[in-house]
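Hi,

Here is the structure I promised to pass on. Have a look at it first, and then read on for what turned up.

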Amino acid sequence: MEWVDTDAAGIYHNTTVVRFAEAAEAALMREHGVPGYFPVAPRVRYEAEFEAPLLFGEAVETRIELIRLGRSSMTFAFEVWREASDDRPRRRAARGSYVTVHVPDKEAGGSAPWPAAWRTALAEGVYPEVVDGLR
């Protein structure tokens, strides 16, 4: 946790977990070879539960999982963990989920199917019930 991630008391801003989740999502897209994803994948739903404070200087781990790959939307689950330190145990600080939708033409609006190559790349290693309509 850096100072910019906290308020004046040194406790994380709620929006910090969104940034951590999106950084993990970007890593996931890079790992699966999905270029150009973020400009065409706005978030349409976001929910988070904040369970413990994160403090300036603490080490943090963020986990993300694709839990549903639909025709034109994806649902991700995330967890943000505070690593153990001398005086504090490892603990989950926040968890939640969010949905992105493929909107390749912002002027026209509306969703469109994900490119087939992206769906194939992202479906690799995902449980079959997570992927809608991909065979």
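F78 is buried in this predicted model, with a relative accessible area of 2%. The structure holds 10 aromatic pairs. Y46 itself is partly exposed, at 28% relative accessible area.

Y46 also forms a stacked pair with Y98, at 5.0 Å centre to centre and 5° between the planes. Here strand 1 is tied to strand 4, since Y98 lies in the latter, and the parts are 52 residues apart in sequence. Y98 counts as buried, at 0% relative accessibility.

That brings me to strand 4 (residues 91–101): 8 of its 11 residues are buried, so the strand is largely enclosed by the rest of the structure. Strand 4 pairs antiparallel with strand 1 (residues 43–50) over 7 bridges, and E47 stands opposite S97 there. Strand 3 (residues 73–82) is also antiparallel to strand 4, joined by 10 bridges, with F76 opposite Y98.

Helix 1 (residues 14–31) is worth a look too. Its 18 residues reach 27 Å from first C-alpha to last, close to the 26 Å expected. Its buried residues include F20, L28 and M29, and what covers the buried set includes strands 1 to 4 and helix 2 (116–123). Just after helix 1, G33 takes a positive phi of about 65°.

Finally, ring pairs link Y37, F38, W114 and W118 into a cluster.

Best wishes

How values were computed: Residues numbered from 1 in each chain as written. Predicted model: local features only at pLDDT ≥ 70, side-chain atom pairs only at ≥ 80, totals over all residues. Heavy atoms only, no water. Buried < 20%, exposed > 50% of the residue type's maximum accessible area, 1.4 Å probe, protein only. Helix = DSSP H or I, 4+ residues; strand = E, 2+ residues; numbered from the N terminus. Pairing = 2+ DSSP bridges. Expected span 1.5 Å × (residues − 1). Contact = heavy atoms within 4.5 Å. Phe/Tyr/Trp six-rings, centres within 6.5 Å; stacked < 30°, edge-to-face > 60°.
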